[in-house]
Amino acid sequence: MLTGLDDIRGWQEDFYRTLHRNPELSHQEHTTAAAVAERLRECGYEVHEKIGGTGVVGILRHGDGPTVLLRADIDALPVKEDTALPYASTRTTTDPHGTEVPVMHACGHDVHTACLLGAAALLADGRNHWSGRVVALFQPAEEVGDGARRMIDDGLAGIVGNVDVALAQHVLPFPSGQVGTRPGPVLAAAESMRITVHGRGGHGSMPQATVDPVVLAAMIVLRLQTIVAREIAPADPAVLTVGSITSGTKSNVIDDHAVLQLNVRTYSDRTRTAILDAIRRIVTAECQASGSPKDPDFDVFDHFPATDNDPATTARVRAAFDDHFGGDRTFDLPLQTASEDFSDIPTALGAPYTYWGIGGIDPDTYRNAEKAGRVDDDIPVNHSPHFAPVIQPTLDTGTQTLTTAALAWLAPS
Ligand code: ZN
Ligand code: ZN
């Protein structure tokens, strides 16, 4: 079936260049979604559009058998492209705050989109070789962390039905042609929290008549640092950062409240819950210790779930990759500090999942940087204005990974 790559490469590369030149911000992926839907229809998929805004799902059934969900994210970032590629984006757009911003596929979601369309085409052309159901899911707004959730809230489960396994991939800054898998935790959960603590305002010269929210906030910042140090096992990686504190405007006025903004990164739901509970416990207790007149307010925003690959699913995918690519093109992906909302989808559908990495950097460029000890200096990473995956073998590899992984579940027919 993968011999069909030669037949799709032409349109797939054109699609990729066009998408790279025409990126769209999260929740604004209207042109991208329409192009995806059109291609899926041409391949014979039953197409569902505008799920959770701009989400697209293509479904192809061929006989009885398992259902495999393949997911790509489709949104771009407010970054000004500086790659000098002939198909570089020069576009600007209006962000949700009404500001004119540059826009670029700086995270490689255009690679994911083109690869999934290629795999969808190969699976459709080769349908006589398998039996089951393929769900090709194109998710908007990964970069803001709520695209998956919005598709779920808009009835995704009713559209796709029972799903036996969910699979996704990301292009990363390692040599193109290489594929990295990892069982267990692979990406961090992340959340931001805004905490408002209440004091009693007054004159800076008469502290006895006030409850000082600045002193209260200072106690909280120090005490919060004991959570990771004293309540979480040393082998369980976690980060808690207080990135912002604001209170008052003048040296001799005690304000009546302070606002703290925190960012938390964890690799399991258990640790995440433990840290969030500890934050609430400590902040509430510090407020009581200070004689705060009112309970604190907690507002969690920008939530990304942990990505925790199912070991059995990962082993099955890795065996398929080793078999297809040979062992010299597969490796064990290290734990990544980035975050993703993909896992919201399989979690909502009750399906096991795995998420792997494909390389996007020209292999010679990467090896030269490695020899010179300059990988961190010379190899642009995702979200950089210089991030420029090479088209090949990146698209071929990302198409083969999705196709071979899907075939590891679809029953032979
Ligand atoms: Zn990104
Ligand atoms: Zn990304």
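**Zinc site and overall fold**

Cys107 and Glu143 are both buried (under 20% relative accessible area with a 1.4 Å probe, protein chains only; exposed is over 50%, partly exposed in between). The model is predicted, with local features requiring pLDDT of at least 70 and side-chain atom pairs pLDDT 80 or more, while totals for chains, interfaces and linings use all residues. Residues are numbered from 1 along each chain as written, chains are lettered from A and ligands numbered from 1 in written order, and side-chain values use heavy atoms, without hydrogens and water.

The zinc ion (ligand 1) is coordinated at 2.0 to 2.7 Å by Cys107 (SG), Glu143 (OE), Glu143 (OE) and His383 (NE2); donors are N, O and S atoms within 2.8 Å of the metal (3.2 Å for Na, K and Ca), and sites may look incomplete because water is not among the atoms. The angles among the 4 donor atoms run from 53 to 149°, and the site is irregular.

Of the 413 residues of the protein, 53% count as buried. Among contacts (heavy atoms within 4.5 Å) with a separation of 6 or more, 83% join residues 24 or more positions apart. The C-alpha trace spans about 80 × 45 × 45 Å along its principal axes.

Notes:
Tetrahedral: all angles 85-135°; square planar, octahedral: opposite > 155°, others 65-115°.
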